[in-house]
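Me: I would like a close look at a single part of this structure, with its surroundings treated in one connected account. Please be careful about the cut-offs behind each term.

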Amino acid sequence: MANLDVADAFLAEGGTEFAPMSTTSSLEVAIAYALGGGSGGLRGRRALLFKLRANSFIDRGADLSYCSCFAAEAEVCYPPLTFLAPSGRREAFEHGGVTFEVVEVLPSFSS
């Protein structure tokens with residue numbers, strides 16, 4: 001997500017995605033989507049990425065690569081109402097003149 005900072009309220013309490021949530025296991029794909037197809041307009045700016053870490057198999061999303069027209073995107077889908085709890089781990093890196101903030105979250109959903 002370009003030009004966004006993570007909200008303090010989210011870091012303290014987490015948040016719920018109301019719609020199906022499309023993610024990727026590919027850092028390259030996540031960067032491409034965060035940049036919106038090019039970094040030219042974002043140079044010197046920031047982008048936010050969530051790194052999902054599932055503690056058990058039950059909290060993993062569904063890997064859709066096998067049935068996707070875009071298998072290289074390594075899409076993993078989570079159901080509506082997935083709760084994202086921040087783990088407290090954060091890191092940053094720079095790519096193409098853009099500083100990426102990575103916030104690790106733990107997904108969970110009702111089964």
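Reply: Helices (H or I, at least four residues) and strands (E, at least two) are taken here as DSSP runs, numbered from the N terminus. The model is a predicted one, in which local features need pLDDT of at least 70 and side-chain atom pairs count only at pLDDT 80 or more, whereas totals for chains, interfaces and linings use all residues. Residues are numbered from 1 along each chain as its sequence is written, and side-chain values use heavy atoms, with hydrogens and water left out.

Of the 11 residues of S7, 8 are buried, so the strand is largely enclosed by the rest of the structure; buried means under 20% relative accessible area, exposed means over 50%, and partly exposed lies in between, for a 1.4 Å probe and protein chains only.

Two pairings involve this strand, where two strands count as paired if DSSP finds at least two bridges between them. With S3 the strand S7 runs parallel, joined by 7 bridges, and Leu49 stands opposite Val102 of S7. With S6 the pairing is antiparallel and extends over 10 bridges, Arg90 having Val103 of S7 as its bridge partner. The hairpin of S6 and S7 has 2 residues between the strands, and Gly96 in this hairpin takes a positive phi near 60°.

The buried residues in H2 are Val29, Ile31, Ala34 and Leu35. Gly36, just after the helix, has a positive phi of about 65°.

Leu81, in the loop between S5 and S6, is not a glycine and yet has a positive phi of about 70°; with 52% relative accessibility it counts as exposed. Thr82, by contrast, lies in strand S6 and counts as buried at 0% relative accessibility. If residues up to four places away in sequence are not counted, Thr82 touches Gly15, Thr16, Glu17, Met21, Pro107, Ser108 and Phe109, a contact being heavy atoms within 4.5 Å.

One of these partners, Phe109, leads on to the aromatic rings. The structure holds 3 aromatic pairs, where rings of Phe, Tyr and Trp (its six-membered ring) pair if their centres lie within 6.5 Å, with planes under 30 degrees apart counted as stacked, over 60 as edge-to-face and the rest as tilted. Tyr78 and Phe109 form an edge-to-face pair, at 6.3 Å centre to centre and with 75° between the planes. That pair links distant parts of the chain, Tyr78 being in strand S5 and Phe109 in the segment after S7, 31 residues apart. Tyr78 is buried at 7% relative accessibility, whereas Phe109 is partly exposed at 22%. Another pair is formed by Phe93 and Phe100, whose ring centres are 5.1 Å apart and whose planes stand at 10°, so this pair is stacked. Here Phe100 is buried, with a relative accessible area of 0%, while Phe93 is partly exposed, at 24%.
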